[in-house]
Amino acid sequence: MQANWPPNARIILHIDMDAFYAAVEELDQPEYRGKPLVVGADPKGGHGRGVVSTANYPARKFGIHSAMPISQAYKRCPHAIFVRGRYARYSEISTQVMDILKSFSPIIQQISIDEAFLDATGATNLYGPPQYIARKIKDAIRSQTGLTGSVGVAANKFIAKVASDLEKPDGLTVCLPGSEQTFLAPLPIRKLWGVGEKTAEKLNKLGMKTIGDIANVEQGHLMHMFGKWGLHLWQLSRGIDSRAVEQFTTRKSISEETTFEEDVMDYAFVEKTLFRIADRLSRSMQRKNLKGRTVTLKLRWQGFETHTRSKTLNEYVNDAETLRSIAVRQFRAMSREGRRVRLVGIGVSQLNTVGGEQLSLFGHQQSPQNEKLESLLSELKAKFGDAVITRAALMESKIRKPGSSKNEDSKN
Amino acid sequence: MKFSVNKADLFASLQKIIGVIPTKTTIPILSNILLTLEDSKLKLAATDLEISMDTACDVSDAEKGALTIPARKFFEIIRELPDLPVTVETDERNHVKVKTEKGVYKLIGESEDEFPRIDVEDADFEFYLSSEKLNRMIDKTIFAVSTDELRTTLMGVYMQILANELRMIATDGHRLAKITHTAFPGDEKTGSVVLPTKALQLVQRNIDDEERIKVSVGDNHVTFTCGDTKIYSKLIEGQFPNYERVIPLDNQLKMYVNKDLLISAVRRVSIFSNQYTHQIKFALSPSSLMIQAEDVEVGGEAQESLPVDYTGDKLEIGYNAAYLLDILRHLEYEEILFNLKDATSAAVITPSEQDADEDLLMLLMPIRLNDSI
């Protein structure tokens, strides 16, 4: 046995598939292997819109990364292979991977299509010490799917997640319980959960560059600066994280967005697009039996500056009409000053599947006719595709099918 | 301008008018009150451009003049003064001195020319109501208005002036409150308007009891006049929905229930309902009403039953407890009547016996129960 795992410490694994979408493409199309490969929007010779979903490792050498505008990716490496995502296929392989993980421990929390936490605290009798479990999982994934994943092993979720990222691809990193603080200290603060660009800047200005710098600050100081969240940050920096691997995570949000073929000045056209997005989102929510209370408009201007604006309602909704009218109002309330729009999207959070629907006396919202219409529309579209029927308001506009993407995240 | 006044008198006028001052505004002058002094009468005016209010207060040692003064600060200093005579003096630079025997307080005012003039067109017609009646009608409806900015007409109270009836109606689409004043001495002139809630709240707060109130209705404005106090308000534009269409006439099932018993049972049970949906379930059977709630997300459940006068078949209906309690709290009667049809139709809730000169009615739409679909 390797270095000892304290008997009362939890064993948490974080498994993160390497460049997942790109890896699946390489798996299915052997000729792609070893060449720079980008899954995402159509680059259209450098004039394409939309963003990179995943770049494989050869492509990353050119500085291409997820969420980068596809045109920029093209500029960096025009000879890369660009493919559109085949999400049904990725989801199929994802299910295989998750099934493999479940065979090691039933306590699994899937974070996204290619990422999961596993609580293997009770599995040592079956599979040996934590390092062995991690190795066996990696081997099983490789032999059964042909793909590689990186695994982090630690006594809590946060450290496991940090660890899995350290030796990507095909990594296996173990942080022994008790050594968390030394493990984290040299890492940049951006590795802390919840520290984005702006917070990092703020912390940098105060002379905090590594996680160790934060751990050495007085707890009260951070609380003073960031409130309760500061305390959380400080605890993370010391490797303290007691959250459990939640088997039944609830989805936190659902959204739909569209990147325009060209940056758009015609705000009426943007509003029509919101209409369509609301329609699609509503359908997707109805299929999943979800309703939400917070509706968020996402807007990306020319130049990539992105804004969101949310409204929280007193009731749970999922009808297209409400989603649309809120999004349009929020769009109109934004200071636009003749700027061009690159992307719009609508998200719904604070989701709920329980509870019945509050019925209405009148109005378009949940009138029986409208409800019937909505469900009929949904049914038709589900059967025959989006093009079969549409709202009259959308008809005269020549909306080309733009690069649209779906996001369903269940991140913590 | 110069005047002396009792603190209490001045404060009473300021207290009325301060409610008009917008809490946030991009037009600084709206944070001021216009003071105009003529013939020993101090007139006070405030506006947020939608709603304006005038009131007046008797003063002595008066020298005429006019200016505007920062409302909040003026209000606060007068409020904090002991009940003593106060002298207010202004100079040509619009500096204001407030003096009592305790001390001197200086404020910077502005010229009255800066203050917006609100044009109110002539009224098409007017009528009188006792303040008691008007306040009651506002109270019975205003709680049910919508806060949904997407449907502006529902954000106000609809007033229908008919030949022999005055009606006020409010709804947010899920519940509806309607009160009819049946002893209304109207005339041939009829009409209907949507009144903004802020104006009605000002009326409720500022119109003293026992007085006759003149209500003047024009195309775009309504004015409430009571003695020296006048409240003008723009009307909400747009078509109020056809509410009569949604009041069911064929609800055959009747449940008579003691209102206080029902309120306390609903309050207890609803503690166990989901904090957002407030969903509770009414399970009716002959002579008994069972109220249930459970929060699937958080866990916990409750049920309670109470005696009712009901002879229909078994029936289960979901309601939002918060909406239901709102309605019950506005029915100050011992016994009330639920007229029901089925699990997805509106309940008509009324006092079991109406007062002599009025008709009071509330509607509540159910929550569709998951297991009843």
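Me: Which residues have the most contacts inside the largest nonpolar core?

Reply: B:Phe224, B:Leu262 and B:Phe338, in a core of 103 residues. Helix α6 (residues 321-329) of chain B gives the most to this core, with 6 residues. Bear in mind that this is a predicted model, where local features need pLDDT of at least 70, side-chain atom pairs count only at pLDDT 80 or more, and totals for chains, interfaces and linings use all residues. As for bookkeeping, residues are numbered from 1 along each chain as its sequence is written, chains are lettered from A and ligands numbered from 1 in the order in which they are written, and side-chain values use heavy atoms, with hydrogens and water left out.

Me: What makes a set of residues a nonpolar core?

Reply: The members are buried Ala, Val, Leu, Ile, Met, Phe, Trp, Tyr and Cys residues joined through side-chain atoms within 4.5 Å. Buried means under 20% relative accessible area, exposed means over 50%, and partly exposed is in between (1.4 Å probe, protein chains only).

Me: Which residues is B:Phe338 in contact with, leaving aside its neighbours within four places in sequence?

Reply: Contact means heavy atoms within 4.5 Å. On that rule the partners of B:Phe338 include B:Leu253, B:Met255, B:Phe282, B:Leu324 and B:Ile349. B:Lys254 is on the list too.

Me: Why is the pair B:Lys198 and B:Asp48 called a salt bridge?

Reply: The rule asks for a side-chain nitrogen of Lys or Arg within 4 Å of a carboxyl oxygen of Asp or Glu. Here the closest N and O atoms are 2.6 Å apart, so the pair qualifies. B:Lys198 lies in helix α4 (residues 197-206) of chain B and B:Asp48 in the loop between β3 (41-47) and β4 (51-58), so the pair ties together parts that are 150 residues apart in sequence. Helices (H or I, at least four residues) and strands (E, at least two) are DSSP runs, numbered from the N terminus.

Me: Are those two partners buried or partly exposed?

Reply: One of each. B:Asp48 has 16% relative accessibility, so it counts as buried, while B:Lys198, at 25%, counts as partly exposed.

Me: What about B:Arg136 and B:Glu332: what makes that pair a salt bridge?

Reply: Their side chains meet at 2.6 Å, N to O, so the pair passes the salt-bridge rule. B:Arg136 is in helix α3 (residues 131-142) of chain B and B:Glu332 in the loop between α6 and β24 (335-340), so the bridge ties together parts 196 residues apart in sequence. B:Arg136 is buried, with a relative accessible area of 19%, and B:Glu332 is partly exposed, with 42%. Salt bridges that share partners join B:Lys133, B:Arg136, B:Asp139, B:Lys140, B:Glu332, B:Asp355, B:Asp357 and B:Glu358 into one network.

Me: Why is A:Ser150 called buried?

Reply: A:Ser150 has 0% relative accessibility, so it counts as buried. This residue is found in strand β7 (residues 149-154) of chain A, and its side chain reaches the backbone nitrogen of A:Gly171 at 3.0 Å. A:Lys168 and A:Pro169 are among its contacts, and the peptide bond from A:Lys168 to A:Pro169 is cis, with omega near -10°.

Me: What makes A:Glu337 stand out?

Reply: A:Glu337 has a positive phi of about 45° although it is not a glycine. Most residues other than glycine have a negative phi, and most peptide bonds are trans. A:Glu337 is found in the loop between α14 (320-333) and β12 (341-352) of chain A, and with a relative accessible area of 71% it is exposed.

How values were computed:
Polar contact = N/O pair within 3.5 Å; in protein donor to acceptor, adjacent residues only side chain to side chain.
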